[in-house]
Amino acid sequence: MSSYAALVDLIEDRVSDPNHLLWSVETIYMAARKAVKRLVADTRILWTEEYFDDVAGTALETLPSYFLFLTAATWDYTNLPIIRSVDLIRSEPDWDSKQGDVQAAVFDGDGSQYIRRVYIPSVNAADKFGLEFYRTVASPAAIEDEVGLLDWTLKYVVYYACWLLLNMEGEGQDVVTALHYKKRYEMGVELVKGLVSTCVPYEQVVHGSVAKIAPGFGYRLPPNFGRIERGRR
Amino acid sequence: MQFSDLVTNVSVALKDPAFARHTAAIIKARINEGYEIVSEMAPFYETNASINFTTNRYYDLSSLLSEDMFRVRHVRNEVTGLWMVPTSIGELDAGYWRWRVNSGSPDHFWMKGLFKLGVYPKSSQATGTMTLYGVGHPPPLLLDATEPEFPERYQDCLEFYATYACLMEDGETEKAMEYLSLFFARVRELSGYLSDKANDARHLIIGGRA
């Protein structure tokens with residue numbers, strides 16, 4: 001994996017400014033950091049699962065700074081439904097004060113950086129509450145830090161960074177070329193998203209199985225359900 | 001077509017046969033850049049790699065595999081000798097609500113993100129291997145006699161790409177765009193050939209396919 005310094009070199013080479021006459025190293029480094037975060041958010045190539053301790057009396061969990069999109073929440077390795085707080089209020093007006101085993105998670109009402117357990121844990125337990133989510137890369141502390149992406153994905157980062165730099169006001173502005181790099185970035189994003197596969201295309205529709213149920217088709221009651229018929233039990 | 005021929009053709013297209021404006025080394029680098037992009041857009045390079053089983057549910061392929069493989073298509077459990085069935089977390093959730101705790105001999109797999117391979121059930125022992133079969137980046141073209149690993153009738157796409165990249169460096173954006181369009185068109189043809197070559201071999205039978 002390459003460092004941000006190597007990524008800056010790639011960008012300088014692409015915009016033909018190795019002597020920093022048009023853009024300073026700090027500007028290119030800033031563009032590189034933005035481009036990396038943008039690519040990871042657009043393509044969702046980084047995914048992880050993490051486990052958090054249950055603390056008795058505490059339901060709220062702060063999401064990590066690198067959190068992007070939630071895919072699943074678990075408790076004791078069991079999938080938790082993600083429920084809207086308004087639906088909980090309708091069924092249990094005192095849901096946020098009850099203690100017990102965690103049976104669901106609420107992702108609204110506390111701000112974008114929090115998730116709440118339903119119900120409040122009554123005992124401490126290690127690694128009980130699991131979150132599976134798409135994540136972003138950690139912000140670098142120095143230009144020598146690793147980017148955190150494989151080298152072959154960095155060319156798409158370079159395209160986005162070039163778009164940013166060539167769009168900036170100044171001597172280096174070239175809107176036509178900037179638009180070209182924007183299009184190349186967007187094509188790269190579609191390509192990478194196509195590579196992010198959950199093997200769903202391999203699912204087969206097999207008559208009689210539940211591998212896939214076509215929309216609109218579900219379990220149906222027999223046509224004579226509920227009708228009293230002579231001679232039948 | 002050999003690597004040296006591709007380089008020569010690019011210098012001719014740039015009207016720079018003496019490699020004055022763009023050295024042979026730069027043209028070679030641009031050809032390899034295009035070669036990498038072609039392998040991502042048209043999956044012509046199939047590869048495989050073995051990784052050891054652990055007792056984890058997920059495997060981080062970014063650290064376990066070289067950068068050669070970027071898309072996993074099939075996985076084979078070498079302990080049982082059986083292919084593992086592709087699945088999804090949704091299917092597992094529908095089957096058993098606590099599937100995450102099960103351990104045994106892995107027989108299903110899925111991908112999350114670009115680098116996380118999940119197996120079900122997770123292996124009960126950290127012994128044995130599984131073999132991943134997928135699509136990857138071919139080794140870069142280095143020697144003059146090396147040839148790209150896809151059919152020759154599509155190899156001019158590498159010339160188009162290198163010409164585009166060099167013209168962009170020269171600031172000739174409009175000309176460069178034309179070559180880029182030619183590059184993408186040729187790669188689409190290659191991709192179409194790769195996806196249809198199995199179908200071409202089938203015989204049409206009235207009422208169905210062979």
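D54(A) finds its bridge partner in strand β8 of chain A, at A125(A). This is a predicted model, in which local features need pLDDT of at least 70, side-chain atom pairs count only at pLDDT 80 or more, and totals for chains, interfaces and linings use all residues. Residues are numbered from 1 along each chain as its sequence is written, chains are lettered from A and ligands numbered from 1 in the order written, and side-chain values use heavy atoms, without hydrogens and water.

Here are the pairings, where two strands pair if DSSP finds at least two bridges between them. Strands are DSSP runs (E, at least two residues) and helices are runs of H or I (at least four), numbered from the N terminus.

| Strand pair | Bridges and sense |
|---|---|
| β1(A) and β8(A) | 7 bridges, antiparallel |
| β3(A) and β8(A) | 7 bridges, antiparallel |
| β3(A) and β4(A) | 3 bridges, antiparallel |

A73(A) has L131(A) as its bridge partner in β8(A) and L80(A) in β4(A). Together, 4 strands of chain A make an open antiparallel sheet in the order β1-β8-β3-β4. Because β1 and β4 of chain A each have a single partner strand, they stand at the edges, with one side of each lacking a neighbour in the sheet.

Now to chain B, with its 6 helices and 11 strands. Its radius of gyration (over C-alpha atoms) is 22 Å, well over the 17 Å from the globule rule for 210 residues, so chain B is more spread out than a compact globule. The globule rule is 2.2 Å times the number of residues to the power 0.38. The C-alpha trace of chain B spans about 65 × 50 × 30 Å along its principal axes.
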